[in-house]
Amino acid sequence: MARTLAEKVWDDHVVRRAEGEPDLLFIDLHLLHEVTSPQAFDGLRKNGRQVRRTDLTIATEDHNTPTLDIDKPIADPVSRTQLETLRKNCADFGVRLHPLGDVEQGVVHVVGPQLGLTQPGMTVVCGDSHTSTHGAFGALAFGIGTSQVEHVLATQTLPMTPFKTMAITVNGELPEGVTAKDLILAVIARIGTGGGQGYVLEYRGEAIEKLSMEARMTVCNMSIEAGARAGMIAPDDTTFAYLRGRDHAPEGADWDAAVAYWRTLRTDDNAVFDREVVIDATELSPFVTWGTNPGQGAPLSASVPDPASFDNPSERLAAEKALEYMGLTAGQPLREVAVDTVFVGSCTNGRIEDLRSAAEVLSGRRVADGVRMLVVPGSVRVALQAVEEGLDKVFTAAGAEWRHAGCSMCLGMNPDQLAPGERSASTSNRNFEGRQGKGGRTHLVSPQVAAATAVVGRLAAPADLTEVTDVRTPAGV
Amino acid sequence: MEAFTTHTGRAVPLRRSNVDTDQIIPAHWLKKVTRDGFEDGLFEAWRKDEEFVLNRPERAGATVLVAGPDFGTGSSREHAVWALQNYGFKTVISSRFADIFRGNSLKNGLLTVVLPQETVDALWELTEADPTAEVTVDLVARKVLAPGVEAAFELDENARWRLLEGLDDISITLRHEDDIAAYEANRPSFTPRTQVA
Ligand code: SF4
C-alpha cells in the first residue's frame, strides 16, 4: 500500500503491534534537559530501574541557564537546584551531559542537529514540545511529557496511538525578504492553533524544497503551534549535505547505506493524506502576530483585526481578550506598534543563518533609542561561529546585547524577561500571556523583522528602512 | 497511578478557549524537581484577580473543571497536569484538548473528557447558575451526568482500561522485553549513538 513519509518512519519503528493496544515504538534518540527530567529520574530511582540505552540518550542545559556571567554561580537558587539535579542524575545514570560552559551546550533542539545526531527516518523524542524541530530531517520527532520521559528512559520505547496525516504543500517561490518564519506563521494563521491536532504535518512543494536545513527547522519547529503532533520534511540532497561530516553522521560504507535508505523516505506518489492544505508562496509577505496565540497573526502590512470580524464566537472572544492583554486597538496599523524589546534567539530562530540575517539588517545601523535588543545564540557552537564571522561586533556596534547561549527570553525562566506591560518583537515561537515575563506582550516575528523593528522602534520589515548612509547619523542629530 | 472509575463533584466553569499550559502553570514554577506543591501556581496570573472564578468562595473544593475549547495547548510540561491534580481537580471537560496535554493527563490519572461544545455550554450555564450543582463523570459507563445533562463520551479502550485499573505504562511495556530486545538486535548499524557503548 502506498504510504506517506510519516507512516514509513512509524512502521519501521514498531516493536510490537497488538489489536486494541497502541503500537509500541522504538525511540532512536532521546534528548533531555533540566526542566522535564527530574521527576522522571526520580521515578526510575523509586522503582530501581536503569536507563536502558544511555547510548541513545543525551542531555544539555538550556531553559534555566543565565545568558550573562555564566562563570559565576547561578543567582536563582531554584534554577541552580534544577541544573544540579540534572548533573547528578546524568552522573548517577551514565547519561552524556553538556552542561553550562561546555562547548556543545545550547538549546536542546539546536544541539541535536548540529552534532549530527538527528538523522532522517529516526524517531526522536524530548520532554519539550518543540521537538518537532527535528522533523526537518525527515525524522518523526515529538514532544513528550515527563511520564513518557521516564518511560523512554526505562524502556527506550513509547506506546503511541496512530496519527492522521496532513500535507501542507507550499507552491511557488517565497518572495524576496519573506522567510521560513513568515511562512510558518501564515500556515498557523490559516489552519489555527488546533488545526493540526492529531496530525503529523508534512511540508512539501517547491518553496519547502528550496529552503535550507536551518529554515526547514524553523518551519518544523512551529508545527506544535498548530497543535500538530509533529512536522516533517522529506530528506533530500540538502539534508544529506548538511549531515555529511558532522560528529555523529555515518561514515564510509555506513554513510552509503544510510543515504540509500534515506532516499526511500518520501511519500509515495499515490499515498493519500487525511487532509491537504495548499499555500501559494508567492502571495506571502512578512508576517507578525498581534494576539496571544501563534495563530493570531497577520501580514505586517495589515492592521490589528476587529474581533467582530470573526464569525466563530470562541475566536471572537479570544481576539477580544488578546487585544485587551496586548494593549492594542482594532484597526491600528501593525507598523505603528512600538516595542521596548527585541529578542533574537530560541530554537526557532537562534541558528547561525538567523543571526546572519539579523546582522545583515543591523549592519551600519543603530538600535532605536529606548529599545533594548537581546541577541542570544541557540548554542555555544552558533555563538563561536558568529564571533568568527564578526556578527557579534555588528550587534554590539548597533547597540544590541550579545549574550550567552540558551533559551533565555523565549520563556523567561532565567532573568531575561519582559517587565509587565513591556512589548517585544521576538523571534521565538510563543506569544502566550506572560510567556516572556508576567504581563509581557509578545509579537512573533522573523529575525529580519526583529532587526528592522529594533532600528525603527516600531514593527517593521527591512524594506521599510532607509539606506544605511542615512541611518548612520548619530541618534539625536 | 490512582485508578479512576467514577467521580462526582462540584464544578468550576472556565469560560476561556485556548487555555495554554503557560496559563495553567507559568514557567517559573517549572524549576521544582518534585511532582507536588504546584497548586498555588495553577492559573497563577488569573488568580491575582479576586473575581477570577477559581477564587470565588462558592468554588472552593470543586473537583471538575469545565473548560473552553483547545485546553492545554502549548508546551509539553506535565506540570500542568500535576498543578490541576495538586489543586484537587479529578477531571477536566472540554470540547477539544491539545494532544500532549491529553496524553499527559491520562497517564497521570486526570481524566480529560471530550464533549461537544453544546454540552460544555450546558454545563457552564448549569454550574454558573447553581454553584452547588454536582457533575458526575462515570468512566465505567462513559457518561457525564448533571442535573438536566446526560452525555456519553468516548475514550479509547486501552486508555480507559489503564485508568480503570490504575496501571502504569512502564510495567506494562516491560512485559514485552523480548520484543524490545528483538527489535534492538535488528537496528541498522548506521543509526547514531550518543556515546560509544
Ligand atoms: S528555545 Fe524556547 S521553545 Fe525552544 S526549547 Fe527553549 S524554551 Fe522551548
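Guide: Let's start with a word you'll need: a residue is called buried when its relative accessible area is under 20%. Keep in mind that we're looking at a predicted model.

Visitor: Which residues have the most contacts inside the largest nonpolar core?

Guide: That core has 83 residues, and the ones with the most contacts inside it are Phe43(B), Phe71(B), Leu84(B) and Phe101(B). There's another core apart from it, with 79 residues, including Ile208(A) and Met232(A).

Visitor: Let's pick Leu84(B). What does it touch?

Guide: Leaving out residues up to four places away in sequence, Leu84(B) touches a list that includes Ile24(B), Leu65(B), Val92(B) and Leu110(B), as well as Phe43(B), Phe71(B) and Phe101(B). Leu84(B) is also one of the buried residues of helix α3, which runs over residues 79–87 of chain B.

Visitor: What covers the buried residues of that helix?

Guide: Both chains take part: the cover of α3(B) includes α2 and α5 of chain A, along with α1, β2, β3 and α4 of chain B. Just after α3(B) comes Gly88(B), with a positive phi of about 125°.

Visitor: Now the place where the chains meet. How do I read the size of an interface?

Guide: The general idea is that size is often given as the accessible area lost when the parts come together. Here, about 5400 Å² is buried between chain B and chain A, and carbon and sulfur atoms give 52% of that. On the chain B side, Lys31(B), Phe190(B) and Thr194(B) lose the most area to chain A, together 15% of what that side buries. If you'd rather count residues, 58 of chain B are in contact with 78 of chain A.

Visitor: Which residues does Asp70(B) touch?

Guide: Setting aside residues up to four places away in sequence, Asp70(B) touches Gly194(A) and Gln197(A) from chain A, plus Asn18(B), Val19(B), Ser94(B) and Arg96(B) from chain B.

Key
Residues are numbered from 1 along each chain as its sequence is written. Chains are lettered from A and ligands numbered from 1 in the order in which they are written. This is a predicted model: local features need pLDDT of at least 70, side-chain atom pairs count only at pLDDT 80 or more; totals for chains, interfaces and linings use all residues. Side-chain values use heavy atoms; hydrogens and water are left out. A nonpolar core is a set of buried Ala, Val, Leu, Ile, Met, Phe, Trp, Tyr and Cys residues joined through side-chain atoms within 4.5 Å. Buried means under 20% relative accessible area, exposed over 50%, partly exposed in between (1.4 Å probe, protein chains only). Contact means heavy atoms within 4.5 Å. Helices (H or I, at least four residues) and strands (E, at least two) are DSSP runs, numbered from the N terminus. Buried area is the accessible area (1.4 Å probe) that two parts lose on being put together, summed over both.
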